[in-house]
Amino acid sequence: MPQAVSAKKIVLKAPFTGYLLPITEVPDPVFSQKMVGDGISIDPVTSCLLAPCSGEVSQLHSANHAVTIATPDGIEVMIHIGLETVMLKGEGFKPLVKKGDKVNTGDALIEFDMDIVATKAASLLTQIVITNSDQVAKFQYAEGPVEASRDTVLTLHLGEYTESATEASSQTVTTESFAIPNPSGLHARPAAVLSSIAKKYKSAVHLHKGDQQANAKSVVAIMGLDVGHNEQVYLSAAGEDAEAALAEVKNAMLDGLGEKGAEPVKKKRVPHGVKPHPETSDDPNLLCGVSASPGLAHGFIVQKKQQQFDVPETGEAPAIERQMLQTAIEHSKQQLLALQHKMAADGDAENAKIFEAHCELLDDPDLLDIANDAIDQNKSAAFAWQVAVNTHVKVLSSLSNDLMAQRANDLRDVGRRVLGCLLGEEESHMELPENAILVAEDLTPSDTANLDRSKVIGLCTVLGGTSSHAAIIARSLDVPYVAGLNEHLLEVANNTPAILDGGKGELRLNPDQATIDEAIARKKAIAKKRQADLAAANNPAVTVDGHRIEVAANIGNEQEAVEAVKMGGEGVGLLRSEFLYLDRTTEPSEEDQFAIYSNIAKTLGKNRPLIIRTLDVGGDKPLPYLRLPDEENPFLGQRGIRIGLAYPDILRTQIRAILKAANGCKMRIMFPMIANLDELRQAKAIIREEQEKLNVGSVEIGIMVEVPVTAVMAEQFAREVDFFSIGTNDLTQYTLAMDRGHPELAAKIDSLHPGILRLIKQTVEGAHQHGKWVGVCGAVASDPQAVPLLVGLGVDELSVSVPCIPEIKAQIRELKLASCQQLAEKALNLESAAEVRKINLEK
């Protein structure tokens, strides 16, 4: 006989006085797409969060911006104050309750400083979300203005339904186990898709991982399983349409639940930012990857295996485990500070800041919140920490952004350090032979910083890329490093002789004596030439027939300015001012910027120019405190000067700092991503207004040529500016319609494409028509194959990476302008970048 279940209703009162709006209109996809659950949003005008219902505080976020109440009927009501408020790390919030407290409707839960939150967070919009929405039969939403504790905002109908005895006792159907193809496992988006498919069916559907299971109709439950890429799962269902439910859900999961990048699990996923390479090679002794740090090394393979930890799942009392975790975190911070001081003492103060950032990761409130929640479930501190780190790593790794992928590797590094402290197993030190070429699946910043330079002469990894912190440190240590190699690398026996060519991105195994002799001779020749180039670094770059090219430096901090002068740099052609804005929670003050710009100018001296590019963010360079809207294609949206004009206070602060620091210096301002004259004129107007307010002299103004239309209209733009600097990286990707961060297209993006060379020529001709000069600050300026072409196209200045300055200047001194011009004319008429690279300069 059917069993009747009585109707139940829960009424939620307004937690604030304010104005209601549908949750689908919240400018955050996590809430608007109901990934966490259904609910409603309120724009508050009061600053004390009141309980919308009676129940027990089941969760209080460590950043104090969110609280969850469990009702007696088992409904979980989460109230999340503001958007992106976790970034405040508790600033401005004062909790009035703790986990486990019983509360009644109208009780005060959290007080917050409305001024602090309103100015530092993305929005004050507060979400009231039912995290187990599958238990609600019907949502009844209120509208308009509401008064705290008096007006109803949501009515939850738990429903009246019947459960037939046959259905309740129907046989459970299961699938065979299968692997998850999603690159980052079942995180929020695929979990939401899975849930929506399961909800189409009357049957109960469950997802199983080992001996754990989750309701497949609940996004939170699915995510709680922490299912990773290639992990084995199976499905079960019970009810009248169980078989149909399992068939559709399983097929959707095998197809990746619509997630971009999900592939059949047998395929090897190309790491983000790494050039794809063949699984096999015609020559089994030649492995090809990408250059992460140049240089040549001849030595022997040493496999570095990652230390494995035996992590117990259960622990002692939660209070003891929490204290153990905190002690391990503090101990890890001391280790990181020691590493930071060691690198700074070795003369690499800038890269030492990597470990300062690692310390900040250890204070992440979300990370600690996940760990503490697991500890409260009687898990050991080590197990809880591992779960927290893995959860965050999966989220970061799923983002198609080199910076975030780098952060994921940093978090793995930090996570293992704390885990070792918790388990009393400090990282073991390898006994290395002389001339070791270290091989690993991946390398962490700690691995690289702790290298025994007396033994390790080269690095090789399967994962990683040019933008990782490990690669940055390797370059600073002048250690050759090739990343993105074939997985066969991990099977190479220890002590196998090898030649590593960091510049070419190649590893040659078992070289014969002739190849070894050639490599040794080439290494000696490279070292000898480098010494000669450095000795002559302060000589001007003048061609054999008397044509002068200025060679300046691209820098991103004060230390690089010091190095640029040592390397013979004739100025700074590009100061990437983003370093002042990144990795911080608030924008830099005018005083901070003035001090840094002044210090760099002082380092350069009065005769070397300093070109400061105004803040260039958006696209692949987000700012945590600048809440930019989500964009389907951020590279074609708000970035560069568009951000400056959209947020004029930030731009004006930077302009004032530059104008103040420019007194008596050759300081110039350059605007990024200019695409039309109106943008340029608005930016110039801001400079004029701030000059008048400060009563200071004028500075030269230039623009980046990064958009094809700017190159095409160079003659018109030249009437408005003092100089151009061509950013070939963006100019190339916009012209070829290829994302330079795309792993499968990166190898096809080459700035020596004849189409790009024609745009450079148009830019030069347009500028010279009005007596203005043109520089190139993109990566191609540091490419020896490109230098003769750029000289031949009439470029006046090359702004290159600091280590390349002596080499590029020496190369120019061996060129003839007439020959370069002939070479450039020939290149313009070729069909591809490959053809351009094949032609040789006639000396």
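**Reading strands and ring pairs**

Modeller: Let's start with strands S36 and S37, which run parallel and are joined by 4 bridges. Keep in mind that this is a predicted model.

Colleague: Which residue stands opposite Gly775 of S37?

Modeller: That is Ser725. Ser725 is also the bridge partner of Met704. On that side, strand S35 (residues 700-705) runs parallel to S36, and 4 bridges join the two.

Colleague: Which residues of S36 are buried, and on which side?

Modeller: Both faces are covered: Phe723 and Ser725 are buried on one side, Phe724 and Ile726 on the other. Buried means under 20% relative accessible area. Phe723 has 0%, so Phe723 counts as buried.

Colleague: Now the rings, please! How many aromatic pairs does the structure hold?

Modeller: There are 4 aromatic pairs. One of them is Phe139 with Tyr141: the ring centres are 6.0 Å apart and the planes meet at 10°, so this pair is stacked. Planes under 30 degrees apart count as stacked.

Colleague: Why is the pair of Phe723 and Trp773 stacked?

Modeller: Their planes are at 10°, with ring centres 4.9 Å apart, so they count as stacked. Here Phe723 belongs to S36 (residues 723-726) and Trp773 to S37 (residues 773-776), so the pair ties together parts that are 50 residues apart in sequence.

Colleague: Which residues form one aromatic cluster?

Modeller: Look for Phe16, Phe93 and Phe112, which form one cluster together.

Notes:
Residues numbered from 1 in each chain as written. Predicted model: local features only at pLDDT ≥ 70, side-chain atom pairs only at ≥ 80, totals over all residues. Heavy atoms only, no water. Phe/Tyr/Trp six-rings, centres within 6.5 Å; stacked < 30°, edge-to-face > 60°. Buried < 20%, exposed > 50% of the residue type's maximum accessible area, 1.4 Å probe, protein only. Pairing = 2+ DSSP bridges.
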